[in-house]
Amino acid sequence: MTEQGRQIAAPWRDPTFVAAWTAGDAMSDMLAFPRRLAAALVAADRPEVRTVIDIASGPGAFLVCFLEEFPAARGVWSDASEAMLDRARESLAPHTERVEFRPGDMTDLDAAGLPAGVDVIVTSRATHHLDRAGLITFYREATALLASGGWLVNLDHTGPDEVWDKLFRAVRARFAPPRPETKHHHNYPLPSVDDHLSAYAAAGFTDVEIAWKAFHTCLFMGRKPA
Ligand SMILES: C[S@@+](CC[C@H](N)C(=O)[O-])C[C@H]1O[C@@H](n2cnc3c(N)ncnc32)[C@H](O)[C@@H]1O
């Protein structure tokens, strides 16, 4: 595991923190729409999806969306937290015969034992912890696991400029009330929209869209060139 990976994973190794975060995940409902939208858009382009990997999957909500959209697909759950693995086994129980659990570090995907040539890689609310170099490495290593024409989907918080950061923070609590007990360390400023788009470009993507955005959170969708 890399030093950056260890730092990011540290709070998530505590079962008490994971239980509090999962119970108080005020954003999860708000993210149901972009998760479903991502699965629908991939289905419209690539109806024959066979394998989906969810990196830093946590309880697995994003993976569940794809397993529901693609009933013949198998899913690969990946995360660095044993406590999250327990959660995920519960929430993915209805799909368990189609899911492989692969504990691993998102900052070293080459060593995470993930399958290659997959149709879709999703990740959510995790890459904002990475520094710029880590973000570029993440996109490059994830892209190497994708089949040609496969999709790299990232639903994550981004760092806007100061004016919009203040405005978003001023109203966000009305839609997703903050839960102080689930606060965890972030490196500010978070990677910006441009940082993500540059990292996609550096990984060879020419076809990337922000398919949804609310407050700081963006649904980035990129299709690997055929
Ligand atoms: C905010 S949660 C998001 C979980 C899920 N993707 C979601 O959106 O509901 C962040 C997740 O990143 C995982 N994580 C933290 N550090 C990691 C690392 N180095 N490698 C892989 N996963 C990591 C945590 O265990 C946790 O499940």
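**The contact of H6 with H8 and its surroundings**

Guide: Arg132, Leu135, Ile136 and Tyr139 of H6 meet Asp195, His196, Ala199 and Tyr200 of H8, where contact means heavy atoms within 4.5 Å. Sorted by class, this contact of H6 with H8 has five nonpolar, one polar and two charged residues; Asp, Glu, Lys and Arg count as charged, Ala, Val, Leu, Ile, Met, Phe, Trp, Tyr, Cys and Pro as nonpolar, and the others as polar. The model is a predicted one, in which local features need pLDDT of at least 70 and side-chain atom pairs count only at pLDDT 80 or more, while totals for chains, interfaces and linings use all residues. Residues are numbered from 1 along each chain as its sequence is written, and side-chain values use heavy atoms, with hydrogens and water left out.

H6 covers residues 132-145 and H8 residues 193-202, each helix being a DSSP run of at least four residues. The two pack at an angle of about 40 degrees, and their axes are 8 Å apart. The crossing in which H6 passes H8 is right-handed.

The loop between strand S4 (118-124) and H6 holds arginine 125. Arginine 125 has a positive phi of about 55 degrees, although it is not a glycine. Most residues other than glycine have a negative phi. Arginine 125 is also among the residues that come nearest to the ligand, together with Ala56, Asp79, Met106 and Ser124, out of 18 around it; a residue counts as near if one of its heavy atoms lies within 4 Å.

Alanine 56 lies in the loop between strand S1 (51-55) and helix H4 (61-69), and it too is not a glycine but has a positive phi of about 55 degrees. A polar backbone atom of alanine 56 is 2.8 Å from a nitrogen atom of the ligand. In the side chain of aspartate 105, an N or O atom is 2.9 Å from a ligand nitrogen atom. For alanine 9, a backbone N or O atom lies 3.4 Å from a nitrogen atom of the ligand. Polar contacts are pairs of N or O atoms within 3.5 Å.

Note on methods
Axes are lines fitted to C-alpha atoms, for helices over the stretch in contact, and angles run from 0 to 180 degrees between N-to-C directions. A crossing is left-handed if the near helix is turned anticlockwise from the far one by less than a right angle, and right-handed if clockwise. A polar contact is a pair of N or O atoms within 3.5 Å; within protein, one must be able to donate a hydrogen and the other to accept it, and residues adjacent in sequence count only if both atoms are side-chain atoms.
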